[in-house]
Amino acid sequence: MRVRRGGRVRTGDRERRRRRSGMSPFGQRVVCWLPLILLVAGLIFDSGTPERYTAAPFFSAAPLVAAPLYSLRSTAVTAVAAVAAETWVVTYHGGRDTNQSFTEGLTVLVVAILALGINRVVRMSDARLASVRDVAEAAQRAVLPTPAERIGGLAVAARYVAAQADARIGGDLYAVQDTPHGVRLIVGDVRGKGLEAVEAAVIVIGAFREAAEQEASLEAVAGRLERALQREGSRREGLDQFEGFTTAVLAELPSDEHAALRVLNRGHPAPLLFAPNGELCELTPKSPALPLGMSEVAGWPDRADETACPAGSILLLFTDGVTEARNRDGVFYDPVARLGGRVWSGLGPEALLDALVEDVAAHTGGETADDMALLAVQRPMRG
């Protein structure tokens, strides 16, 4: 839900806090009603106990609980209700010790004022978080823009699914480029997290777009990416200088529908190819290779594998956020086993990605530990 700026309550922020809490819908409703429950409980407690017992803790807790949950106006209403309830209790027990009554009332009043200050701090934090989230979304669109629905005659769909609800950007990447050599694409995963991973992803995507247009082969494109990551690594310090790498799959679909699909895998989860009849083929590389950026550890010539890709076929590429998604028993998600037994012939790229995201969520119970970048392209059917 989009966050609205300003001093009024932002329902989106409250909903996100509830999702992060991991509570059930019933638990969320109880928390929202908790300030009122505390006020009512205080009145019941006071009326059902001897005069020497005080309900002030109930009345003090109500505005404190409301402060992080409600808007400033609702928190103020709760604070006034708490003070009014304490005043009524003191008036009702007219014979109670004056000093004790004054102390209890002052306590509730001070806590109520404190709750208003806490609410203000929380609202300001929410505003800053919303601003950071907007910047992250803009960066996400700049680094991973949504590709056109059709590129070079192919139907294209892409997704970036963050592991955390508030996350918008990470080291997973994808790109599609129409070139004189056919449509070329990449899906990759930069080692690490945070801004350094994003910087490396930007470098990989930029180098890919330039090399995909200029180089005659996927092997040459991979070489350009390797050199770009080496230059990036030389600027870094510590372990990132020596251990920075990117797993990636590069693919090429020539415009000739009879030409084979070419795939070059550098330490990345194998793509899947869905035939028009629904059959599934896992494109495991014939010669395993190290990720990009690790040529100094061991190097050998890249070699792309060729596979028939008839009209109507869908090529699906994804990052390890899919294959490393685990259920409550610790079982990893197996895309071949989960997707291979189903009929996909009627699904296009968009529907396939929607089904995959839903299936991963069903496997994990909605909780994933890593981001997922997904890319699907389909050769058009004849006629």
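1. A word on burial before anything else: here buried means under 20% relative accessible area, exposed means over 50%, and partly exposed is what falls in between, with a 1.4 Å probe and protein chains only. Helices (H or I, at least four residues) and strands (E, at least two) are DSSP runs, numbered from the N terminus.

2. Keep in mind that this is a predicted model, where local features need pLDDT of at least 70 and side-chain atom pairs count only at pLDDT 80 or more, while totals for chains, interfaces and linings use all residues. Residues are numbered from 1 along each chain as its sequence is written, and side-chain values use heavy atoms, with hydrogens and water left out.

3. Back to H11 (residues 349–364). Its 16 residues should span 22 Å at 1.5 Å a residue, and the end C-alpha atoms are 23 Å apart, which agrees; the expected span is 1.5 Å times one less than the number of residues. Pro-349, Leu-352, Leu-353, Ala-355, Leu-356, Asp-359, Val-360, His-363 and Thr-364 are buried in H11. They sit on the same side of H11, because their arc around the axis is only 160 degrees (the arc is that of the directions from the helix axis to the C-beta atoms).

4. What covers the buried residues of H11? The cover includes strands E2 (154–161), E7 (272–274), E10 (314–318) and E11 (372–378), plus helices H9 (320–323) and H10 (335–340).

5. Two strands pair if DSSP finds at least two bridges between them. E3 and E4 (residues 182–190) run antiparallel and are joined by eight bridges; Ala-175 stands opposite Ile-186 in E4.

6. The unreviewed UniProt entry places "transmembrane region" at residues 26–45 and 105–122; such annotations may be inferred rather than shown by experiment. In the model, residues 105–122 are 100% helix and 0% strand, with end C-alpha atoms 26 Å apart.

7. Finally, Leu-38, in helix H2 (residues 25–48). It counts as buried because its relative accessibility is 15%. Leaving aside neighbours within four places in sequence, Leu-38 is in contact (heavy atoms within 4.5 Å) with Phe-58, Ala-61, Ala-62 and Val-65. Leu-38 and Pro-57 are 19 residues apart in sequence and 9.2 Å apart in space, C-alpha to C-alpha.
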